[in-house]
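Dear colleague,

Please find the structure below, followed by a short account of what was found in it.

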Amino acid sequence: MPFCPKCGYEYRPSMSRCPDCDETLVAALPPDQGGLIETVELCKVPDEVTGMAVQAYLLEAGIDANLRDMRASFYANVLANMQGYWGTIIIAKTDEQKARQIYKEFQNAFG
Ligand SMILES: [Zn+2]
């Protein structure tokens, strides 16, 4: 399965670029990267604008946040449409506690 060398996300074999990072996918991550960073889903976002706002807010707080457009995967896209969201915010598991706190601040400020 191809991987994105930047965010480490694994894609279907038919994908050639990471839609989040605009990076060309590689067959395997380079070994000097110390393996995959464990990531978690912070939240779902209803649309691209909200997603970008949440991502920017997290980045400003020093959290390396990835906005994952669910359209990248057909099945995820169908599921996302059914459940009424556009994408998700992905963060490193090590940042989870801080990120959740910051996301709460974001919701308080803009929600
Ligand atoms: Zn990526």
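The largest nonpolar core has 15 residues; such a core is a set of buried Ala, Val, Leu, Ile, Met, Phe, Trp, Tyr and Cys residues joined through C-beta atoms within 7 Å. Buried means that 20 or more other C-beta atoms, placed from the backbone, lie within 10 Å of the residue's own. Among the core residues with the most contacts inside it are Leu42, Ile63 and Ile91. At least two residues of this core come from each of β3 (39-45), α1 (48-60), β5 (87-92) and α3 (96-110).

This is a predicted model: local features need pLDDT of at least 70 and side-chain atom pairs count only at pLDDT 80 or more, while totals for chains, interfaces and linings use all residues. Residues are numbered from 1 along each chain as its sequence is written.

Ile63 touches Leu58, Ile91, Asp95, Lys98, Ala99 and Ile102, leaving aside residues up to four places away in sequence; contact requires C-beta atoms, placed from the backbone, within 7 Å. Of the 111 residues of the protein, 23% count as buried.

The protein has three helices and five strands, in the order β-β-β-α-β-α-β-α along the sequence. These are DSSP runs (helices H or I, at least four residues; strands E, at least two), numbered from the N terminus.

An automatic or database assignment gives the domain bounds: domain 1 covers 1-32 and domain 2 covers 37-110. Their C-alpha centres lie 19 Å apart. Five residues of domain 1 are in contact with seven residues of domain 2.

Yours sincerely

Methods:
Buried ≥ 20, exposed ≤ 12 C-beta atoms within 10 Å, placed from the backbone. Contact = placed C-beta atoms within 7 Å.
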